[in-house]
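Take a moment to turn the model around on your screen before you read on. This report walks through a few of its features, one at a time.

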Amino acid sequence: MRIKAQVAMVMHLDKCIGCHTCSVTCKNTWTNRPGTEYMWFNNVETRPGPGYPKRWEDTDRYKGGWELNNGKLKLRAGGPISKLANIFYNPNMAEMEDFYEPWTYDYDHLIHSPKSDHLPVARPKSQVTGKYMDKPEWGSNWDDDLAGGSEIVPLDPNVEKMQEHIKMEYEKTFMMYLPRICEHCLNPSCVASCPSGALYKRDEDGIVLVDHDACRGWRFCQNGCPYHKVYYNWNTHKAEKCNFCYPRTEAGLPTICSETCVGRIRYIGVVLYDADKVKEAASVEDPQDLYEAQLSCFLDPFDPKVQSEAREAGINDAWLEAAKESPVYKMAMKWKIALPLHPEYRTMPMVWYVPPLSPIMNHITNEDELNTDGYIPAVDQMRIPVEYLASILAADDKEVVRKVLLKLSAMRVYMRGKTVGGVDEFKQS
Ligand code: SF4
Ligand code: SF4
């Protein structure tokens, strides 16, 4: 056993209000310099939707992460694996239009325009070319709150038919927010894909960083990361990424996104894991076994044997105490209400998510629609389909998501009964 400590995060998606405060405070702290305009170490996506960069989950196009090849774990072919052959040509990389051309507004034009019939407006100006734009065409959360809705209804010359279609499709529409940072993976493919060895995983806390002295700007990390959380600074020609606010965490402070989160959705904690198990866990055949495989790497911080071996491995008492108190350990490993994002990428991500509970679509009219507790609604009737949540949080394993939603529903009913009363009345009605 090789015990290591890792800082990690759980985000409780039910509490995210999509305000983007986290993105803005992160940007003001880390990416407010020339060359970083388009970078959002933290971004918040309206889902379902293309995300940022555009359609980042399309692994056929971007080729990120790991795949099993003859039983061996390999970087996905066509991307970083051919790094030496492709050293001057990296065809799978996201381009400017997949992120967006950053622009600013020319407020001077608004204030100093000569008198005319119409009110002047602030004009968008490209921060790349310095020229005025007709209109910006894409941004990091361009489809804010539309949930991909603009794409689901095809135009039809028969207006009545189209209206009917819109009614049917929009009745099925759902949305949720997905805030994203670098996952500080246990098995990071960005590190494996860097020809210069510039990306590294810090031994003491597992934070994944870029050594700018070593970075040569090859950009293989950019599409080596299936989550698209490494960026290229066009001004310094170096890779940049979320650093889990290490100057803050080293001083005992939370990350800036956590501290300023309006919904208080972010929980930071330390977890202990067995580094010897990671490669084996990432190599299990069936993607639906990856969640359990990743769980099997984590260690119980209350186990005296784990504690003594952790001390021998140089993990100090303060970290061991933090591991015992860790909300990440509780939510992800003990209560099992948080799930990893896209476990099928096999990078063993360390930002996990509590899936959102959503409103029930139908009125509960008969006993069959109630589960055995009599008053916990069937999770399959929730507005956000279990299939969708399973596609992003459980490699399509609906049972894993169902179990989590049932636990959350039970807890909601219990807490409502305890705090506002009325559970018994609800049961009787
Ligand atoms: Fe590397 Fe972060 Fe991407 Fe994981 S999510 S592969 S640690 S950049
Ligand atoms: Fe969601 Fe918190 Fe970010 Fe607001 S600040 S968008 S609530 S994660």
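A residue counts as near a molecule if one of its heavy atoms lies within 4 Å of it. Keep that cut-off in mind as we look at the ligands, and remember that this is a predicted model.

**Two ligands and their surroundings**

Which residues surround ligand 1? The shell is made of C182, E183, H184, C185, P188, S189, C190, V208, C225, Y227, V230 and K241. Sorted by class, these residues are 8 nonpolar, 2 polar and 2 charged. As for its place in the protein, ligand 1 sits in the largest cavity.

Ligand 2 has 14 residues around it, and the closest are C16, C19, H20, C22 and C261. By class, the shell of ligand 2 divides into 9 nonpolar, 4 polar and 1 charged.

You can find H20 in the loop between β1 (3-12) and α1 (21-30).

| Residues joined | Omega | Where the proline lies |
|---|---|---|
| R47 and P48 | about 0 degrees | P48: loop between β2 and α2 (59-62) |
| Y52 and P53 | about -5 degrees | P53: loop between β2 and α2 |

**A salt bridge across the chain**

Side chains of opposite charge can pair when their charged atoms come close. How many salt bridges does the structure hold? There are 17 salt bridges. In one of them, R180 pairs with E45, and the closest N and O atoms are 2.9 Å apart. This pair links distant parts of the chain, since the two residues are 135 residues apart. R180 belongs to strand β7 (residues 176-180), while E45 belongs to strand β2 (residues 43-47).

Y105, Y107, L110 and I111 make a nonpolar surface patch of about 410 Å². Which helix gives the most to this patch? Helix α4 (residues 107-112) does, with 3 residues. Y105, another member of the patch, is found in strand β5 (residues 103-106).

Definitions and conventions. Residues numbered from 1 in each chain as written. Chains lettered and ligands numbered in written order. Predicted model: local features only at pLDDT ≥ 70, side-chain atom pairs only at ≥ 80, totals over all residues. Heavy atoms only, no water. 1 Å grid on protein atoms, 1.4 Å probe; cavity = no way out; pocket = protein on both sides within 12 Å on 5 of 7 lines; lining within 4 Å. Sits in = over half its atoms within 2 Å of the grid points. Nonpolar A, V, L, I, M, F, W, Y, C, P; charged D, E, K, R; others polar. Patch = residues over 30% accessible without salt bridge, like charges linked within 9 Å, V, L, I, M, F, W, Y side chains within 5 Å. Areas by Shrake-Rupley, 256 points an atom, 1.4 Å probe, with all protein chains shown as cover. Salt bridge = Lys/Arg side-chain N within 4 Å of Asp/Glu carboxyl O. Helix = DSSP H or I, 4+ residues; strand = E, 2+ residues; numbered from the N terminus.
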